[in-house]
Amino acid sequence: MTDFTYDLHDDGVAVIIWDVPNKSMNVMSRDGFAELDACIDRALGDDTVKGVVITSGKDSFAGGMDLNIIARMRAEAGDDPAGGLLAGLMQIHGILRKIERAGMDPKTLKGGKPIAAALPGTALGIGYELPLACHRIFAADNPKAKIGLPEIMVGIFPGAGGTTRVSRKLGAMAAAPFLLEGKLSDPKKAQQAGLIDEVVAPDELLDKAKAWVLSATDKDIVKPWDQKGFKYPGGAPYHPAGFMTFVGASAMVHGKTKGVYPAAKALLSAVYEGALVPFDTALKIEARWFTSVLLNPSSSAMIRSLFINKEALEKGANRPEAPDQKVRKLGVIGAGMMGAGIAYVSANAGIEVVLIDRDQAAADKGRAHAAGLLDKGVSRRKITEAQKAEVLGRITATPDYAALDGCDLVVEAVFEDPKVKAETTAKAEAHLPQDAIFATNTSTLPITELAKASRSAEQFIGIHFFSPVDKMMLVEIIKGAQTGDRAVAKALDFVRQIRKTPIVVNDARYFYANRCILPYTNEGIRMLRDGVAPALIENAAKLVGMPLGPLQLTDEVSIDLGAKIARATKAAMGDAYPDDAVDEVVFWLEGEGRLGRKANAGFYAYDEKGKREGLWAGLTKRYPIADAQPELADVQHRLLMAQVLEAVRAFEDGVLMDIREGDVAAILGWGFAPWSGGPFGWLDIIGAAKAVEICDGLEATYGARFKAPDLLRDIAAKGDSFYGRFGPASQDAA
Ligand code: NAD
């Protein structure tokens with residue numbers, strides 16, 4: 001396999017083309033690095049070569065590094081994983097530094113060969129770090145292209161020189177959004193920010209890069225940091241301005257990460273310490289911090305869930321064998337909040353959509369919701385008016401069920417009422433082709449029951465979206481007792497078309513995500529009732545990496561929905577219902593009209609514009625803060641275990657069939673502490689034995705809901721881990 005090809009043109013420019021076979025986007029592998037190194041040696045060693053252009057044979061430049069490399073580097077190093085990783089990283093630095101120095105005399109800085117990068121499209125991670133080592137970066141004017149360093153999003157940081165080079169190029173302050181937030185930019189914005197040098201017409205990309213290479217002087221190819229008297233832009237840490245930047249950045253990082261993301265802190269340390277020393281030493285510091293991050297179990301867990309496993313699920317890891325089930329024409333019934341969102345994301349993905357509601361006005365309202373979202377895109381210059389018109393043109397809004405003729409998939413999103421859903425199913429199926437798949441977006445009703453209204457339970461399935469549909473990336477696919485493989489494949493192919501992440505679960509009360517999230521909010525509410533300070537509850541959650549505390553989350557979802565779910569659950573469970581203590585609080589707030597964010601009043605107080613002001617003082621009037629408050633860790637364990645144990649039970653029960661899905665869905669669906677890699681990731685980090693010990697303690701104090709499930713006890717007794725036992729070894733980056 002050849003990832004890089006070398007072509008010496010008549011004008012003396014060696015063009016190195018990156019084009020990984022059988023991949024739609026280039027990804028850097030270890031072999032790829034070796035090939036690139038050989039190409040560079042060849043160009044630098046050949047006197048007839050005047051300069052080099054590195055470009056791509058695809059319409060993008062590169063999507064990043066194959067993160068499996070890191071797992072392999074570590075594994076191969078045997079007893080000394082840190083040593084193995086550091087050596088591997090320094091080798092990468094060596095190759096990129098060779099490009100940057102380009103054979104010049106280190107003293108006179110003369111005699112090097114100009115090397116330009118020519119990016120036809122997207123350049124992410126190492127796909128931007130490699131150009132950063134070149135002397136000039138050209139990008140094709142392609143507004144869809146994304147340029148940047150998203151590593152922080154999967155729990156690492158740019159470790160192939162990106163951190164050191166971007167911070168020296170832009171200064172720590174200007175570099176912060178790109179390094180600390182993983183901000184991506186289109187080529188024009190990247191140029192404005194100083195990340196790239198020139199944006200050119202796509203058909204001129206190579207010519208312009210070559211012309212620059214042929215005209216570049218010795219001076220043009222010396223990086224600022226290799227010149228005498230280099231001054232760190234914005235000031236290094238001991239400069240008064242630089243000092244302020246680092247103090248601010250440090251506070252911002254801690255405010256945002258609450259100290260649970262090792263990568264952000266390590267990144268900041270690499271920038272700070274690197275700024276105090278010469279460039280090559282800074283690279284070494286970057287490599288050391290990067291090694292420490294890679295060795296942190298949180299990083300492996302995040303890479304595993306947010307990169308490797310997420311991608312595997314999106315590519316259909318759990319798709320049954322069936323011919324391609326791509327959706328051609330989609331019917332959406334119910335043009336309310338969810339239906340309108342589903343219609344929008346589908347039309348955006350190029351699918352023709354029929355959007356049905358009870359009357360024309362309601363259907364039009366759903367289409368108008370899509371128009372509103374598209375307008376936002378236009379005003380932010382993400383799309384043009386013409387593109388908006390094209391997407392909207394794919395949505396036909398009508399009350400006429402006959403328009404469903406020819407639809408190969410229907411997603412029903414009418415009221416959460418079994419009778420209304422049954423009527424809708426029968427009415428729709430009268431117009432659908434015999435082989436169409438019928439899906440329901442219900443959040444609480446059993447799929448197997450709803451399937452009874454369908455002419456074919458085999459072709460009936462749950463496709464559960466989360467709100468708001470255009471933002472939430474998770475889609476839960478639920479198999480009823482008789483749902484067939486083709487329906488599952490259809491749902492998975494649909495989710496892939498709309499570029500979201502699917503999980504496939506079996507039918508059970510609240511499926512997977514809502515089943516785990518309810519115990520979390522309930523536990524928080526229970527603590528409030530028992531006199532735990534509300535601020536302690538909320539902060540404990542955030543300090544352990546939950547994006548929202550349980551009380552805030554309940555406000556966001558709405559108190560009346562919580563009350564409705566509580567009543568339905570109680571009716572279904574009878575005496576076994578465990579949450580009366582929670583209901584006392586929820587029903588009280590409901591009675592007070594404090595229905596959450598939408599009512600500008602809930603657990604929190606809001607101003608008249610809807611801005612959240614703080615926890616509502618009335619809470620502690622009714623539930624006074626007890627004199628004895630629990631330890632922070634105790635509150636955190638309760639909040640985490642409430643979710644995690646439910647995830648383990650869902651897996652024990654066979655609702656969840658793959659722990660990878662359990663972890664990915666927890667992070668994407670309800671923001672479960674991403675640093676942990678998900679509930680199973682967290683259990684593997686702390687170890688099953690420790691988890692059992694925590695559960696035993698909680699059970700003794702707070703009751704049976706914290707009883708360690710048998711599966712957890714068994715894993716602890718045998719010294720196993722969840723991923724060791726249930727995760728495909730190849731998927732395990734740990
Ligand atoms: P909604 O009230 O905003 O919308 C329901 C729409 O269905 C309304 O526009 C209504 O006019 C229409 N409708 C009702 N009966 C109809 C019929 N017989 N034919 C055609 N249209 C009909 O509700 P929503 O929040 O969009 O929820 C819809 C479904 O999605 C429910 O099953 C709900 O449980 C589920 N769901 C909701 C959420 C959420 O966060 N809101 C999340 C996941 C799933």
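Predicted model: local features only at pLDDT ≥ 70, side-chain atom pairs only at ≥ 80, totals over all residues.
K98 belongs to helix α3 (residues 81–101) and D41 to helix α1 (residues 30–45), so the bridge ties together parts that are 57 residues apart in sequence. K98 is also partly exposed, because its relative accessibility is 26%.

R97 meets D280 in another salt bridge, with an N to O distance of 2.8 Å. This pair links distant parts of the chain, as R97 sits in helix α3 and D280 in helix α11, 183 residues apart. R97 is buried at 9% relative accessible area, whereas D280 is partly exposed at 42%.

D226 lies in the loop between α8 (205–215) and α9 (240–257), and R101 in helix α3; the two are 125 residues apart. D226 is buried, with a relative accessible area of 15%, while R101 is partly exposed at 21%. Through shared partners, salt bridges connect R97, E100, R101, R165, K223, D226 and D280 in one network. The structure holds 44 salt bridges.

## Nonpolar surface patch

Y238, Y272 and L276 make up a nonpolar patch on the surface, and together they have about 340 Å² of accessible area. L276 is located in the loop between α10 (262–274) and α11 (279–295). Its relative accessibility of 38% makes L276 partly exposed.

## The eight-stranded sheet

An open sheet of 8 strands runs in the order β14-β13-β12-β15-β16-β17-β18-β19, with mixed pairing. Its edge strands, β14 (395–398) and β19 (501–506), each pair on one side only. From one strand to the next, the twist averages 25°. Strands β12 (residues 329–333) and β13 (residues 352–356) run parallel and are joined by 5 bridges; K329 stands opposite E352 in β13.

Helix α26 (residues 659–670) lies across β18 (474–479) and β19, at about 120° to β19.

## F465 in strand β17

F465 is in strand β17 and counts as buried, at 3% relative accessibility. Beyond its neighbours within four places in sequence, F465 is in contact with M338, I342, N441, V475, F494, I498 and K500. Between F465 and D11 there are 454 residues of sequence separation and 56 Å in space, C-alpha to C-alpha.

How values were computed:
Residues numbered from 1 in each chain as written. Heavy atoms only, no water. Pairing = 2+ DSSP bridges. Helix = DSSP H or I, 4+ residues; strand = E, 2+ residues; numbered from the N terminus. Axes fitted to C-alpha atoms, helices over the stretch in contact; angles between N-to-C directions. Contact = heavy atoms within 4.5 Å. Patch = residues over 30% accessible without salt bridge, like charges linked within 9 Å, V, L, I, M, F, W, Y side chains within 5 Å. Areas by Shrake-Rupley, 256 points an atom, 1.4 Å probe, with all protein chains shown as cover. Salt bridge = Lys/Arg side-chain N within 4 Å of Asp/Glu carboxyl O. Buried < 20%, exposed > 50% of the residue type's maximum accessible area, 1.4 Å probe, protein only.
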